[in-house]
Amino acid sequence: MSHSIPPALEIPRRLLLGPGPSDADPRVLKAMAAPLLGHLDPKFVAIMSEVQEMLRQVFNTKNRLTLPISATGMAGMETCLVNLVEPGDKVLVFNAGYFATRMVDVAGRCGGEVHEVKLPWGQAFSPEQMRKEIDRVQPRVVGVVHAETSTGVLQSLEGLGDHCAKHGALLAIDTVTSLACVPVELDKWGVDAAFSCSQKGLACPPGLSPVSFSERALEKLHARKSKVQSWYLDLSLITQYWNQGSGARAYHHTAPISANYALHEGLRIVLQEGLEARFKRHRVNHLALKAGLEAMGLRYVAPDGHRLPQLNAVYLPQGVEDLPVRKRMLEEFGIEIGGGLGELAGKIWRIGLMGCNSRPEVVYTCLSTLERCLIDAGVKVAPGTGVGAAESEHSRLAKG
Ligand SMILES: *Cc1c(COP(=O)(O)O)cnc(C)c1O
C-alpha cells in the first residue's frame with residue numbers, strides 16, 4: 001500500500017503582533033527541544049517546583065496553590081469558576097468586553113446564579129461602581145477581567161479585594177493578557193483566584209494556563225457540598241500531582257513535559273529582566289507606538305489612563321477595509337495584527353507588543369508597514385509620519 005505523505009512542514013517567519021499568540025522567545029523554543037522526561041521523574045518534579053516558585057514571584061503571591069493548568073487560558077478560566085462556583089451560588093461579573101462575556105457563560109455553566117453588570121465595550125468600571133454592585137448583589141464570587149483584550153482596557157482592581165472579603169465574596173480575575181506586561185499583585189490586591197496563559201506576556205507557546213488560589217479560595221473548595229463538575233480541572237485532584245512534596249506526587253494526567261520546559265525558561269527570562277524593568281519596557285514601546293499610530297490619524301478604543309501598553313486597540317481609519325489590510329500585512333510583510341472581536345469586528349485593529357516583541361525595532365517595523373498599507377488604501381498620510389512620531393517619543397522618553 002502506498003501512502004500519500006505531505007512534505008515536511010516549512011513554517012514561514014512571522015512577526016506575531018496580534019492579541020496572541022505572540023512570538024516565543026528563542027531561548028524558550030530551544031528549551032522545548034530538550035529530550036522528554038517522565039512526568040514523575042525526580043528531575044521533572046524538581047522542574048515543576050521551580051515553575052511553581054517562579055509563578056508565585058510573577059503573580060506576587062505566597063499562594064501555595066499556584067501551578068500551570070495543562071491547557072490554554074480558557075481552561076484557566078474554567079478552572080477558577082468550576083472549582084469556586086457551586087450550583088446556586090451568586091456570581092457577579094463586571095462585563096465590558098468579549099472575555100468578560102465568556103466569564104458570564106462559563107459561570108452559568110457551573111450552575112451559578114449569574115448577575116452581570118455591563119458597560120459599553122471600551123470603558124472601565126470605577127471602584128465606587130464595583131463596590132456598590134457588590135453591596136447590592138451580595139455575591140459569593142466576583143469575576144473581573146484585568147486586561148480586556150477585546151478592547152485594550154486595563155481594569156483597575158485597587159481596593160476591590162478588601163471589599164469582596166468584607167462581604168464574604170471571592171474575587172476571581174482574568175490576567176491572561178496582563179501577566180508579565182503590567183503589574184499583577186495577587187496578595188496586595190486580595191485576589192482569591194487568578195488565571196493566565198503562556199502565549200501572551202510570558203512569550204511561550206500556547207498550551208499552559210498558570211492559576212493561583214488563595215487560602216480562602218481553598219477553604220471554599222474544601223467545603224464544597226457537590227463534586228467539581230469537571231474531572232480534568234478539579235483542583236482537589238490536580239493538587240495531588242502538583243502540590244505535594246517531591247516524593248509523594250501521584251499521577252493525575254500526563255503533564256505536557258516540553259510545554260513546562262518552555263514555561264520554566266519563559267519565567268526565568270521574566271525574572272532575569274526584573275518585573276519593574278519589564279513593565280517599563282512595555283510602557284515605553286507602547287507610548288512610541290501610540291505616538292506613531294495617532295500621528296497617522298488612528299484613535300484608541302480605550303480612554304486615556306485605562307490603556308493596556310501590551311495591546312493597542314485602535315479604530316480603522318474612515319473608508320479603510322479591515323481584511324485587505326490585514327491580509328497584506330501578513331502576506332507581503334509577514335506581520336500578523338489582530339482584528340476586532342464581537343461587536344468590534346471589522347471596526348478595530350488590535351496590535352500587541354507583548355513579551356519579547358515589545359522592542360523599538362518592532363514598533364518601527366509595524367508603523368512603517370501599516371503606513372504603507374494605509375497610504376495605498378487612500379489614507380492621506382505623509383510617508384514617514386508614523387515612524388517619525390515614534391522616534392521623537394522614544395527619544396523624549398529616553399531623556400526624561
Ligand atoms: C486570550 C484570552 C483568553 C483565552 O485564552 P486562550 O489561551 O485563547 O484559551 C482569556 N481571557 C483573555 C482576557 C484573553 O486575552
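How many cavities of 30 Å³ or more does the structure hold? The structure holds 1.

## Ground rules

This is a predicted model, where local features need pLDDT of at least 70, side-chain atom pairs count only at pLDDT 80 or more, and totals for chains, interfaces and linings use all residues. Residues are numbered from 1 along each chain as its sequence is written, and side-chain values use heavy atoms, with hydrogens and water left out.

## The cavity

A cavity here is a set of points, on a 1 Å grid over the protein atoms alone, where a 1.4 Å probe fits but cannot get out. The largest cavity comes in at about 110 Å³, volume being the space filled by probe spheres set on the points.

Its lining (residues with an atom within 4 Å of a point) runs to 15 residues, with Ala-96, Phe-125, Val-145, Glu-148 and Gln-155 nearest the centre. By class, the lining has 9 nonpolar, 5 polar and 1 charged residues.

## The ligand site

Around the ligand sit Thr-72, Gly-73, Met-74, Phe-99, Ala-147, Thr-149, Asp-174, Val-176, Thr-177, Gln-199 and Lys-200, each with a heavy atom within 4 Å of it. That shell splits into 4 nonpolar, 5 polar and 2 charged residues, with Gly counted as polar.

Ligand oxygen atoms also pair up with the protein: one is 2.8 Å from a polar backbone atom of Met-74, one is 2.3 Å from a side-chain N or O of Thr-149, and one is 2.6 Å from a side-chain N or O of Lys-200. The protein covers 88% of the 380 Å² of accessible area that the ligand has on its own (Shrake-Rupley method, 1.4 Å probe).

Notes
On a 1 Å grid over the protein atoms alone, a cavity is a set of points where a 1.4 Å probe fits but cannot get out, and a pocket is an open set with protein on both sides within 12 Å along at least five of seven lines; lining residues have an atom within 4 Å of a point. A polar contact is a pair of N or O atoms within 3.5 Å; within protein, one must be able to donate a hydrogen and the other to accept it, and residues adjacent in sequence count only if both atoms are side-chain atoms.
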